[in-house]
Amino acid sequence: MRGRTPTSAPATAGEIFRLVRDGVAGTRTEIGRETGLSRTAVAARVDRLLADGLVTEVVGAAATGGRPAARLEFNAAGGTVLALSVGVSRSKAAVCDLSGTVLAEEVVDIAASAGPEHLLGEAVVRLEKLLLTAGVDDASIRGIGLSVPGTVDGARGWSVGVPALPGWERIALPPLLTTRFPAPVLVDNDVNVMALAEHDAHPDVDDLLMVKIGSGVGAGLVCGGALQRGAWGAAGEIGHTPVHDGPGVGCGCGNVDCLEVLASGRALVRDLAAAGRPVQSIADVVALVKSGDPDAVRLVRIAGRRLGEVLAAAVNLVNPSLVAIGGDLVGAFDPLVAGVREAIYRRSMAAATQNLRIEPGLLTGRSGVMGCAILVLDEVLSPGAVDAALSA
C-alpha cells in the first residue's frame, strides 16, 4: 500500500482495515498518508469499519495540548469464528474471537468412525452451548474453520479419502454445519491447521515443519512464511511412507510397513498390548513411559527413530529451521524425540541440521482449534472479504 501512484485504484475499506490490523496505520492522518486518499474519503471508509465493529476509535490525550488524537485499533471482539478440529478418536470444538483467542472450548468425545453426519451433528450442539458460554450470539459469527485428518479438497469441502476415516470420503462437510450456522466454512487437513497455529506462535520462523503423532502420523509445512498444500492438497502425508526395517505390517492404504502402522500412537497401543501391558489408549502409553516402563520407553524410542527416518528426507528437501512435534504422543516427548534426533542427525546433511530446532509444539492441545480459527480469519478478514461483507 505504501507509495501508491496517482493511477492506482483508490484504497478500499478492506485495504484500510488491513493497515489498521497490521499496525501500519493507526490514525486517519496516517491512513491518508499511506493511501493518498482525501480526508473525506478516509472518513467515509473508516466510518463503515466502525459501524461493522471491525475497528474501534480510542481518543487519547494530545501530546502538545491541542486537539486529542484519535487512534484506530483492530477490534478482536467485533465478531467470532467457530472452530472444529476433527480427530480419529475425539474432536475439539471452540469459539474464538477475531484475533484467534479461544473464548470457550470443549472436547467432543466421539470417534470419527461414527460418521460425519453424527459427529458434526453433535458438534453443532456443542458449539451452540459454547456460544452461550462465551456470551456471544449467532449474529457475531463471521466464519467456521473445520479440519479433518488426511488429504482434503478445500474447494469442495470434503475429505479425498483417508483409511482411518471410513465413510468420510467425498462427503460435502460444510452443509452439515451451515444448516445451523449460515457462515462461510473453510475445510483443511488437521496438521495443516496445526502448522498455521504454530507458525503464528513463532512469528520469527518462516520455515517450519509441524509433525502430529497421535492415532495417525502427518505433517504440515510452512515455507517462506506460507503454508504449502501441494498440487492436490496431499503435501505432508508422511504417515503413508514405508520405512525400511518393518516386519511386514499391512496398511489400509494398500502399502506395507507405512510409518503410521508402525510408529503411531495406535501402533504403540497395539504393540504394548501384545506384550502384555495394560494399555487401551495413547494416554496409557504416555503414562507407562512416564512411569519408566522399559518396554514402553524402548518402543516409543523406536517409533521416534522411524519417524526421524522419514523426517530426515524432509529436512534435506525443505531445510526447516524448526520441527515442532504435537499430537497425543507428545506427552512421551523425551524418548520420542531422542529417536527422532538420532535418525535425523544421522541421515540428514550437516548443512540442513546445523541450526535445526526439534521441539514440542507451543500450543499442545489447542493448536487444532486455533489453527482452524486462523484458517478462517485469514480469509474473512482479507481486504476483499471485508469489502464484500460491507457491501452486502
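The model is a predicted one, in which local features need pLDDT of at least 70 and side-chain atom pairs count only at pLDDT 80 or more, while totals for chains, interfaces and linings use all residues. Residues are numbered from 1 along each chain as its sequence is written, and side-chain values use heavy atoms, with hydrogens and water left out.

The partner of E342 is R346, and their side chains meet in a salt bridge at 3.7 Å, N to O. A salt bridge here is a side-chain nitrogen of Lys or Arg within 4 Å of a carboxyl oxygen of Asp or Glu. Both residues belong to helix α11 (residues 333-347), and because they are four residues apart, about one helical turn separates them. Helices (H or I, at least four residues) and strands (E, at least two) are DSSP runs, numbered from the N terminus. R346 is exposed, with a relative accessible area of 51%.

Across the whole structure, 25 salt bridges are found. One of them joins the side chains of D47 and R28, at 3.8 Å from N to O. This pair links distant parts of the chain, since D47 sits in helix α3 and R28 in helix α2, 19 residues apart. D47 is partly exposed at 41%, and R28 is partly exposed at 28%. Another salt bridge brings together the side chains of D52 and R142, at 3.2 Å, N to O. Here too distant parts of the chain are linked: D52 lies in helix α3 and R142 in strand β6 (residues 141-148), 90 residues apart. D52 has a relative accessible area of 27% and is partly exposed. Elsewhere, R277, D293, D295 and R298 form a network of salt bridges.

Helix α2 is worth a look of its own. Its buried residues, within the stretch 28-35, are I31, G32, E34 and T35. They lie on the same side of α2, because they cover an arc of only 165 degrees around the axis, the arc being that of the directions from the helix axis to the C-beta atoms. T29 and R33, on the other side of α2, are exposed. The cover over the buried residues includes α1 (13-21), α3 (39-52) and β2 (70-74), with contact meaning heavy atoms within 4.5 Å. Just after α2 comes G36, with a positive phi of about 80 degrees.

Most residues other than glycine have a negative phi. R170, however, has a positive phi near 55 degrees. R170 is found in the loop between β8 (158-159) and α5 (174-178), and is partly exposed at 47% relative accessibility. N319 is not a glycine either, yet has a positive phi of about 50 degrees. Its place is the loop between α10 (294-318) and β13 (322-326), where N319 is partly exposed, with a relative accessible area of 41%.

What of the cysteines? The structure holds zero disulfides, a disulfide being a pair of cysteine sulfur atoms within 2.5 Å. For C251, which is in no disulfide, the nearest cysteine sulfur is that of C253, 3.6 Å away. C258 is in no disulfide, and its nearest cysteine sulfur, that of C253, is 3.6 Å away. C251 is buried at 12% relative accessible area, and C258 is buried at 0%.

Note on methods:
Buried means under 20% relative accessible area, exposed over 50%, partly exposed in between (1.4 Å probe, protein chains only).
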